[in-house]
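User: I would like to go through the labels given to some residues here, and to see in each case how the value leads to the label.

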Amino acid sequence: MLKCRSAWKKLAPLARASSTVCRQNVRRAGFNNGRIPACVPAAHMSTGPAGGGRENQLYALLVGAACVGGGLYAYRTVKGDQRRYMQRIGEIEARQQKSSDEEAAAPIESEPPAVEAAETEAVTEPEPEAAPSPEPEAAPSPEEPSPPAPEAEVVASTETTEPTKEPSSPSEPSPAELTEPPPAPVVESEPPAAAESPTAEPTEPQPEVVAQSADEPVVEAPPEEAAEPPAAPVVEEAEPSPPSEPSPAELTEPPPAPVVESEPPAAAESPAAEPTEPQPEVVAQSGDSAPVAPKIPSHAPYVLIGGGTASFAAARSIRARDPGARVLIVTDEPDPPYMRPPLSKELWFSDDPSVTETLRFKQWNGKERSIYFQPPSFYINAEELDSAENGGVAVLSGKKVVHMDVRGNKIKLDDDTEISYDKCLIATGGVPRNLQVIERAGEEVMNRTTLFRKIEDFRSLDKVSRNIKSITIIGGGFLGSELACALGRRSADGGLEVIQMFPEKGNMGKVLPEYLSNWTTEKVKKEGVKIVSEALVKSVVYKDDKLEIQLKDGRLVKTDHIVAAVGLEPNVDLAKSAGLEVDSDFGGFRVNAELQARSNIWVAGDAACFYDIRLGRRRVEHHDHAVVSGRLAGENMTGASKPYWHQSMFWSDLGPDVGYEAIGIVDSSLPTVGVFAKATAKDTPKAATEQSGTGIRSESETEDTATSPVASSTPAPAVVEHKDEYGKGVIFYLRDKVVVGIILWNVFNRMPIARKIIKDGEEHADLNEVAKLFNIHDD
């Protein structure tokens with residue numbers, strides 16, 4: 001267009017001059033003839049002064065040429081843009097295809113023989129050295145370019161497979177998802193692979209492998225070359241750990257994978273392949289024993305962040321509504337989903353010395369069960385998730401989600417792995433709070449402080465309590481009181497001094513009315529616990545092998561270990577990257593009535609701040625809420641679109657003889673009315689679990705519904721508010737004369753009735769009559 005513009009500037013004066021000449025000729029002819037014939041201008045222009053007609057023709061020719069040139073230029077420009085666009089699209093598709101090819105080839109490359117592969121639970125490419133990335137290829141052997149590696153691996157693997165098949169079955173490729181096809185690592189015969197092969201020889205894994213390596217003396221040559229790359233030292237570490245099966249521990253997928261790259265058979269096979277073809281995925285797993293990090297799927301239809309009760313309830317609900325669903329649970333803990341209540345209750349009363357390893361316990365009803373919701377066999381390996389015909393639930397343990405891309409529907413793990421999803425549940429729970437005075441006290445104090453939340457905390461505290469003389473629990477809530485009673489029982493046998501301190505006047509002073517809190521405190525003292533009430537910690541120092549806790553009123557408490565049980569902070573680390581709203585009053589992710597934070601993101605459990613249609617916006621930190629909210633979130637993730645209306649309950653046991661269940665808002669600052677009766681042998685947590693058949697009472701309670709409770713005909717005594725003994729009873733919490741919370745004190749299996757009373761939201765003139773609905777006077 002620039003050329004056309006410059007040409008026009010040059011031609012414009014010429015065109016104007018030509019036009020002027022034409023007009024002058026016409027005018028002159030008119031004057032001469034006295035009239036102007038219709039055809040004169042055309043005839044005169046053609047025979048006018050020299051040069052006039054030729055200039056007009058030149059002008060028309062140049063204008064036409066300019067138009068044609070401009071059109072051609074525009075056409076070429078558009079075509080060029082289209083061509084560049086198509087090239088760019090092609091590059092993107094080729095890159096995606098290349099990455100998918102590499103991922104597909106990766107499992108093939110590093111699979112050990114079938115025998116070894118069968119023993120390994122989850123075979124995947126280890127972290128950085130894994131074949132998926134082309135960088136490792138160039139590092140071990142710069143002889144050949146890395147890009148063609150995946151294809152070369154496949155070809156080489158087929159060549160190696162033939163000789164392997166003859167000696168024995170291990171050469172047959174195993175399932176691609178669980179274990180990487182055998183010949184691949186061998187085929188690569190990368191220098192590191194060769195280094196691994198000599199390591200494998202002393203193990204004498206399989207005769208057939210030896211036969212392969214015997215054919216070629218190259219096995220000894222590669223070791224020298226492989227000494228250079230870092231693969232060789234890894235092999236040495238992996239070698240000492242071939243105890244045949246990964247521990248049948250609680251874990252479905254053992255997280256640690258340091259020893260990942262040193263399978264003996266793979267090394268032995270490597271000489272069989274041509275050592276000239278360097279393949280990055282020589283990362284074979286250390287055969288029988290070393291737990292390996294599973295291959296992480298790049299996509300899962302349902303991704304559940306967090307491995308607690310809410311996640312498991314959601315997974316079970318999703319599978320119930322969508323039997324073919326593929327669900328991936330991502331948890332930073334090394335264990336599959338488990339229930340937390342027994343960690344502070346029944347496990348401490350077990351007579352089994354190996355309870356910290358088995359994590360099996362006897363419930364109050366005498367039945368034994370595991371802390372895990374399901375055995376490891378219930379879950380499938382993460383690498384099998386994509387290919388599982390009927391779907392399943394996979395647990396990716398030991399991995400923390402550090403970033404969430406809401407627009408791209410992706411999560412990012414702490415090892416920079418990305419997983420895309422269709423629908424996602426955030427069930428990150430919470431982290432235990434600590435006192436600032438302890439955090440500022442230094443490393444010595446922190447090393448002697450336990451924040452109780454997980455299985456490892458239970459194991460650690462159990463070990464510590466057996467090797468020290470004094471332990472102090474800071475906190476008078478549910479967790480602190482339960483642990484105090486549990487450790488108090490142990491103090492009678494081992495001479496352990498157990499101290500519990502809290503700022504309230506009595507145990508659970510923020511929940512129970514004062515008279516009942518004082519009674520509970522006396523009960524805890526009888527369990528062997530020294531109570532320090534109205535205690536505000538001023539400072540903590542480590543001095544003379546003791547922790548000295550200085551209180552603000554001047555009292556000083558010396559102890560060997562501290563357990564901080566001062567509440568839970570909802571884990572909302574993902575809120576910033578995901579752009580999700582956090583409630584400023586209660587904490588946690590704000591969700592709607594269907595527990596949605598976004599159109600395809602749900603939140604459940606301790607981290608969810610939801611709106612209660614009866615009691616307003618709330619956040620609940622109890623097992624039953626995790627079960628119910630997780631179940632509802634799972635249903636809504638499969639299209640149920642149900643609102644959250646359930647009133648969740650919680651319970652606490654101070655040993656096998658005293659327990660209570662609560663629902664709604666139970667706050668000691670509210671007006672309360674208590675109706676009590678004399679307890680019998682049936683009114684204990686132990687008797688309640690014998691009747692219901694389960695130690696986790698909410699599992700049976702949440703399924704029941706009260707429609708028309710039948711009141712007891714026995715006349716009720718007057719309302720009791722100050723009494724020396726509180727065997728069993730019902731405590732009503734009132735707000736504007738309406739019952740908003742209920743505690744059933746040593747009254748069990750009546751929660752549906754309490755739930756209906758709160759749901760009705762009616763004002764009651766005589767709560768004695770309401771108490772009759774619970775039949776506390778029948779016996």
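Predicted model: local features only at pLDDT ≥ 70, side-chain atom pairs only at ≥ 80, totals over all residues.

User: Why is E482 called buried?

Analyst: The relative accessible area of E482 is 4%, and the label applies to values under 20%, so E482 counts as buried. Leaving out residues up to four places away in sequence, E482 touches S344, K345, W651, S652, D653 and L654.

User: Why does Y611 count as partly exposed?

Analyst: Y611, a residue of strand β22 (residues 608-612), has a relative accessibility of 45%. Since buried means under 20% and exposed means over 50%, with partly exposed in between, Y611 is therefore placed in the partly exposed class.

User: What makes Y611, I613 and W645 a nonpolar patch on the surface?

Analyst: Membership of a patch asks for over 30% relative accessible area and no salt bridge, and nonpolar side chains are joined within 5 Å. Y611, at 45% relative accessibility, passes that area cut-off because 45% is over 30%, and together with I613 and W645 it forms a patch with about 370 Å² of accessible area.

User: Which residues have the most contacts inside the largest nonpolar core?

Analyst: That core has 132 residues, and those with the most contacts inside it are M404, I411, F732, I742, I743, W745 and F774. Strand β28 (residues 738-745) gives the most to this core, namely six residues. In soluble globular proteins, nonpolar side chains tend to be buried together.

User: What is M404 in contact with, leaving aside its neighbours within four places in sequence?

Analyst: With those neighbours set aside, the contacts of M404 are I305, K410, I411, Y421, C424, I426, L574, S577, A578 and I601. One of these residues, C424, has a relative accessibility of 0% and so counts as buried.

User: How do you know that C485 counts as buried, and how many disulfides are there?

Analyst: C485 has a relative accessibility of 1%, which is under 20%, so C485 counts as buried. A disulfide requires two cysteine sulfur atoms within 2.5 Å, and by this rule the count is zero.

User: Why is V395 called buried?

Analyst: V395, which lies in strand β5 (residues 392-396), has a relative accessible area of 0%, so V395 is buried. The C-alpha atoms of V395 and D335 are separated by 8.8 Å, although the two residues are 60 residues apart along the chain.

Note on methods:
Residues numbered from 1 in each chain as written. Heavy atoms only, no water. Patch = residues over 30% accessible without salt bridge, like charges linked within 9 Å, V, L, I, M, F, W, Y side chains within 5 Å. Areas by Shrake-Rupley, 256 points an atom, 1.4 Å probe, with all protein chains shown as cover. Salt bridge = Lys/Arg side-chain N within 4 Å of Asp/Glu carboxyl O. Helix = DSSP H or I, 4+ residues; strand = E, 2+ residues; numbered from the N terminus. Buried < 20%, exposed > 50% of the residue type's maximum accessible area, 1.4 Å probe, protein only. Core = buried A, V, L, I, M, F, W, Y, C linked by side-chain atoms within 4.5 Å. Contact = heavy atoms within 4.5 Å.
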